Amino acid sequence: MVKRKSNNTHVKQLGHLFFLLGVALVLIFTFTNQPGMLESWHSIILILLGLIVGLMDLKSEHTVPFLLAFLGLLITANAPLYVLSYYKIGNYLQAFLLNMSIFLSLTVVVVSLRVLYRIYKGSNI
């Protein structure tokens, strides 16, 4: 008997593809723009991709590590990386981290709302 993949598996695979597409676009936008000068339509694309990734099904055991990883990314993005002045690596690294935070910001909002909903749903208030 052949087992069919559930629709949920396809959604997760699609979520992984959108995430990889977002990371690839962050890399492309980082190196095609001046560091710190992201065009507005690039930002809109990254935010919409982040919304799509956030709406995809993320396992509940992965939500806390995901939120902690984003927190680390956000802290690192605000670090003074411009001191790495060798070929302006610090400027491009900081631009990459800021672009990643733009991409993942709406994802984090959606995942956080899902976590709050699960907490509220599990409580007997």
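**Aromatic pairs and a surface patch in a predicted model**

The chain has three aromatic pairs, counting Phe, Tyr and Trp rings (the six-membered ring for Trp) with centres within 6.5 Å. The model is predicted: local features need pLDDT of at least 70, side-chain atom pairs count only at pLDDT 80 or more, and totals for chains, interfaces and linings use all residues. Residues are numbered from 1 along each chain as its sequence is written, and side-chain values use heavy atoms, without hydrogens and water.

Aromatic pairs
- F31 and Y92 form a stacked pair, 5.7 Å centre to centre and 25° between the planes.
- F31 lies in helix α1 and Y92 in helix α4, so the pair ties together parts 61 residues apart in sequence.
- F31 is exposed (over 50%) at 58%, and Y92 is partly exposed at 25%.

Surface
- V64, L68, L71 and I75 form a nonpolar surface patch with about 400 Å² of accessible area together.
- V64 is found in helix α3 (residues 60–77) and is exposed, with a relative accessible area of 53%.

Confidence
- The chain averages a pLDDT (predictor's confidence, from 0 to 100) of 83, and 85% of the residues score at least 70.

Key
Patches are made of residues with over 30% relative accessible area and no salt bridge: like charges are joined within 9 Å, nonpolar side chains (Val, Leu, Ile, Met, Phe, Trp, Tyr) within 5 Å. Accessible areas come from the Shrake-Rupley method with a 1.4 Å probe; for residues, only the protein chains shown count as cover. A salt bridge is a side-chain nitrogen of Lys or Arg within 4 Å of a carboxyl oxygen of Asp or Glu. Helices (H or I, at least four residues) and strands (E, at least two) are DSSP runs, numbered from the N terminus. Buried means under 20% relative accessible area, exposed over 50%, partly exposed in between (1.4 Å probe, protein chains only). Rings of Phe, Tyr and Trp (its six-membered ring) pair if their centres lie within 6.5 Å; planes under 30 degrees apart count as stacked, over 60 as edge-to-face and the rest as tilted.
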